[in-house]
There are 2 protein chains.
Amino acid sequence: MVAGMQSPPTPAHRPGGRPRSAAADAAILEATRQVLVEIGWSKLTLGAVATRAGVAKTTLYRRWAGKSELVVDAVAELFDELELPDRGSLAADIEGVVLQFALLLGRPETKTALMAVVAESTTDEPLRHRIRASIVDRQKRLVLAGRERAQARGELPAEPDGVAAARTADLIFDVIAGAVVHRALVSAEPVDEEWARRFTLLLLDGLAAAAATQ
Amino acid sequence: MVAGMQSPPTPAHRPGGRPRSAAADAAILEATRQVLVEIGWSKLTLGAVATRAGVAKTTLYRRWAGKSELVVDAVAELFDELELPDRGSLAADIEGVVLQFALLLGRPETKTALMAVVAESTTDEPLRHRIRASIVDRQKRLVLAGRERAQARGELPAEPDGVAAARTADLIFDVIAGAVVHRALVSAEPVDEEWARRFTLLLLDGLAAAAATQ
DNA sequence: AGCTTTCGCTACGGGTCGTAGCGTAACTGG
DNA sequence: CCAGTTACGCTACGACCCGTAGCGAAAGCT
């Protein structure tokens with residue numbers, strides 16, 4: 001658990017006055033995840049979350065602007081669990097993070113919420129920024145760490161051009177995250193060790209090599 | 001326009017009696033896409049679609065079970081536009097289909113709807129099957145066609161094992177579709193020729209080669 | 001014709017939304 | 001300790017959308 005603090009729902013707290021209950025925050029986010037699992041995104045109501053969390057509905061509206069924002073915060077916490085343990089080789093590192101990511105996407109609250117908020121973000125600019133800041137961009141650290149390690153091992157060449165290196169990292173990130181999400185949620189087939197192995201092989205050596213090896 | 005007929009909303013039509021208006025079907029699906037663009041998935045109401053289409057709300061409910069099913073049908077039509085023109089090489093073919101797919105995902109009705117119905121499908125088994133049948137599986141033809149052509153050109157080896165070949169096709173499909181969707185909708189950055197070129201290079205030659213070439 | 005199915009329309013109870021208003025609780029600075 | 005400030009729980013509200021039922025009229029088939 002890396003436990004990077006999420007930004008609080010509301011920015012500041014002027015001194016003086018009753019402070020916001022941190023316990024209520026935690027209870028609300030946990031309740032959100034529970035309700036998400038039980039009745040899904042579209043039928044989730046803020047009233048139900050409030051009841052489940054044991055707080056008044058108005059309290060919930062004072063802290064979050066709407067359903068989307070609440071769910072983003074509720075799910076973002078889970079993504080910080082991802083890590084990149086050193087498994088000795090670039091291939092092993094990639095397989096490891098793929099399986100870890102798949103495990104995360106296998107949790108019902110994650111799979112339901114992630115796609116839903118992304119969908120909503122296509123017509124909601126502020127929400128898109130919130131998602132990127134809270135979820136997506138935070139995980140690029142995994143790609144950067146993996147590359148750094150691979151370069152130290154001599155598996156990848158050092159990159160002189162910083163701009164090009166950043167673009168490559170973005171590309172890798174989209175390919176890995178995109179492929180796993182598509183396999184798990186759209187194709188709805190298992191992301192198991194077999195698949196992770198084949199995917200890693202493809203990513204490292206390319207299509208021609210992968211087709212030849214089978 | 002390949003125009004593969006979609007399955008009708010309701011299975012049979014017993015002989016005798018007034019037939020269902022095909023014009024109403026078309027008007028409803030078109031209206032659905034329009035409303036989707038204007039107010040987004042979460043705020044889309046079936047009443048609004050019915051009004052826009054010029055039909056009674058009850059007519060809409062007689063044909064579709066709910067919002068998700070309606071939107072799947074409304075969007076599925078658009079995906080049949082994808083084609084794979086022969087551009088002379090595997091790399092060019094891939095770049096072409098990537099850009100074509102990106103163009104499709106750039107349309108507001110597509111980007112909004114696709115993620116939303118996938119999200120809904122994570123807690124709705126019948127819906128997931130409908131999506132796979134109407135949208136996802138139909139596009140695997142592109143991967144199969146591309147491979148066949150590449151093998152004819154001698155760019156890829158022939159595959160003796162049919163099962164393994166099918167698994168590889170599924171893998172390629174998840175990687176291409178996943179990466180483009182993730183880039184376009186999650187990272188929300190442009191899928192332009194530059195990106196398509198770099199992605200194709202990565203897919204064909206692998207990470208090490210891609211990093212070296214920059 | 002007569003039969004069958006669809007269509008448009010109206011109306012309904014039930015649920016959720018997001019907000020307002022009020023009295024109370026919690027914490028801070030003088 | 002007390003006044004000031006903010007958060008909380010609760011209740012109530014109009015507005016909207018849901019999904020269905022019931023009706024008479026329209027449009028086909030045999």
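Helix α6(A) packs against helix α6 (residues 108-121) of chain B with the axes 8 Å apart and an angle of about 160°. This is a predicted model, in which local features need pLDDT of at least 70 and side-chain atom pairs count only at pLDDT 80 or more, while totals for chains, interfaces and linings use all residues. Residues are numbered from 1 along each chain as its sequence is written, and chains are lettered from A and ligands numbered from 1 in the order in which they are written.

**The α6(A)/α6(B) pair**

- The two helices α6(A) and α6(B) are therefore roughly antiparallel to each other; angles under 35 degrees count as roughly parallel, over 145 as roughly antiparallel, 65 to 115 as roughly perpendicular and the rest as oblique.
- Axes are lines fitted to C-alpha atoms, for helices over the stretch in contact, and angles run from 0 to 180 degrees between N-to-C directions.
- The crossing of α6(A) and α6(B) is left-handed, a term used if the near helix is turned anticlockwise from the far one by less than a right angle, with right-handed used if clockwise.
- On the chain A side, Thr112(A), Met115(A), Ala116(A), Val118(A) and Ala119(A) make the contact, and they meet Thr112(B), Met115(B), Ala116(B), Val118(B) and Ala119(B) of α6(B). Residues are in contact if their C-beta atoms, placed from the backbone, lie within 7 Å.
- By class, this contact of α6(A) with α6(B) has eight nonpolar, two polar and no charged residues. Ala, Val, Leu, Ile, Met, Phe, Trp, Tyr, Cys and Pro count as nonpolar, Asp, Glu, Lys and Arg as charged, and the others, Gly among them, as polar.

**The chain A/chain B contact**

- In total, 47 residues of chain A are in contact with 47 residues of chain B.
- Helices α1 (22-43), α6 (108-121), α7 (125-136), α9 (162-186) and α10 (193-213) of chain A each supply at least two residues of the side that touches chain B.
- The most comes from α9(A), which gives 14 residues to that side of chain A.
- The side of chain A that touches chain B divides into 26 nonpolar, eleven polar and ten charged residues.

**Chain A: fold and domains**

- Chain A has ten helices and zero strands; helices (H or I, at least four residues) and strands (E, at least two) are DSSP runs, numbered from the N terminus.
- The C-alpha trace of chain A spans about 65 × 40 × 30 Å along its principal axes.
- Domain 1 (22-63) and domain 2 (76-213) divide chain A, with bounds that come from an automatic or database domain assignment.
- The centres of domain 1 and domain 2 of chain A, taken over C-alpha atoms, are separated by 30 Å.
- Six residues from domain 1 of chain A and six residues from domain 2 of chain A make up the contact.
- On the domain 1 side of chain A, the residues that touch domain 2 are four nonpolar, one polar and one charged.

**Record annotations on chain A**

- An unreviewed UniProt entry annotates residues 22-82 of chain A as "domain: HTH tetR-type".
- Residues 22-82 of chain A are 82% helix and 0% strand, and the end C-alpha atoms lie 24 Å apart.
- UniProt (unreviewed entry) also places the feature "DNA-binding region" at residues 45-64 of chain A.
- Residues 45-64 of chain A are 75% helix and 0% strand, with the end C-alpha atoms 13 Å apart.
- UniProt positions are given in the numbering used here, feature names are shortened, and annotations may be inferred rather than shown by experiment.

**Helix packing around α9(B)**

- The axes of α5 (residues 90-106) and α9 (residues 162-186) of chain B come within 10 Å and cross at roughly 45°, and α5(B) and α9(B) are therefore oblique to each other.
- From α5(B), Val98(B), Phe101(B), Ala102(B) and Leu105(B) meet Ile176(B), Val180(B), Val181(B), Ala184(B) and Leu185(B) of α9(B). This contact has nine nonpolar, no polar and no charged residues.
- Helix α8 (residues 140-153) of chain B and α9(B) have axes that come within 9 Å and cross at roughly 115°, in a right-handed crossing.

Key:
Two residues are in contact if their C-beta atoms, placed from the backbone, lie within 7 Å.
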